[in-house]
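Reader: I would like to learn how to read this model, feature by feature. Can we go from single residues to strands and then to the whole chain?

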Amino acid sequence: FVEIALVTHGEATHAVHALGSGDLKPTPARQVSESAYPIEAGDVFVIIPGEVHTFSVHDEPISMYNIHF
């Protein structure tokens, strides 16, 4: 599925993990590379099908809307 995310409150780091063929989780042994981006209230971004990603929340909770289709 495709995911569209809208951040409504707070700040975090959004990490997108590039994995080796057939890998399902971003564990250090399986992870090939990672790109990390700061996100904050007002940001909108798209996560493409099959993209493994994680969020690291900063000092306060983050709120966001996610639309999956």
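Reader: Let us begin with a loop. Where does Gly10 lie?

Author: Two points come before that. This is a predicted model, in which local features need pLDDT of at least 70, side-chain atom pairs count only at pLDDT 80 or more, and totals for chains, interfaces and linings use all residues. Residues are numbered from 1 along each chain as its sequence is written, and side-chain values use heavy atoms, with hydrogens and water left out. Now the loop. Strands are DSSP runs of E with at least two residues, and helices are runs of H or I with at least four; both are numbered from the N terminus. Gly10 sits in the loop between S1 and strand S2 (11-19).

Reader: Is Gly10 buried or exposed?

Author: Start with the cut-offs. Buried means under 20% relative accessible area, exposed means over 50%, and partly exposed is in between; the probe is 1.4 Å and protein chains only are considered. Gly10 has a relative accessible area of 11%, so it is buried.

Reader: Which residues does Gly10 touch?

Author: A contact means heavy atoms within 4.5 Å. Residues up to four places away in sequence are not counted here. Gly10 then touches Ile39, Glu40 and Ala41, and also Glu60, Pro61 and Ile62. A C-alpha distance gives another view. Gly10 and Val57 are 47 residues apart along the chain, and their C-alpha atoms are separated by 8.2 Å.

Reader: Now strand S3. Which residues does Pro38 touch?

Author: Pro38 lies in strand S3. Beyond four places in sequence, Pro38 touches Ala12, Thr13 and Asp43. Pro38 counts as exposed because its relative accessibility is 68%.

Reader: Why does Glu34 count as partly exposed?

Author: Its relative accessibility is 43%, so Glu34 falls in the partly exposed class. Ser35 is partly exposed because its relative accessible area is 33%.

Reader: How do I read a sheet? Which strand order does the open sheet have?

Author: Strands of a sheet pair through backbone hydrogen bonds, either parallel or antiparallel. Two strands pair if DSSP finds at least two bridges between them. Here an open sheet of three strands has the order S4-S1-S6, with antiparallel pairing. The edge strands are S4 (44-47) and S6 (63-68), each pairing on one side only.

Reader: How many bridges join S1 to S4?

Author: Four bridges join S1 (residues 3-9) to S4, and the two run antiparallel. Glu3 has Ile47 in S4 as its bridge partner. Leu6 stands opposite Val44 in S4.

Reader: Along S4, which side chains point to which face?

Author: They alternate. Phe45 and Ile47 point to one face and are buried.

Reader: Which residues make the nonpolar surface patch?

Author: Patches are made of residues with over 30% relative accessible area and no salt bridge; like charges are joined within 9 Å, and nonpolar side chains (Val, Leu, Ile, Met, Phe, Trp, Tyr) within 5 Å. A salt bridge is a side-chain nitrogen of Lys or Arg within 4 Å of a carboxyl oxygen of Asp or Glu. Areas come from the Shrake-Rupley method with a 1.4 Å probe; for residues, only the protein chains shown count as cover. Leu6, Val44 and Tyr65 make a patch of about 310 Å². Leu6 is in strand S1. Leu6 counts as partly exposed because its relative accessibility is 33%.

Reader: How many helices and strands does the chain have?

Author: The chain has zero helices and six strands. Of its 69 residues, 19% count as buried. Among contacts with a separation of 6 or more, 75% are between residues 24 or more positions apart.
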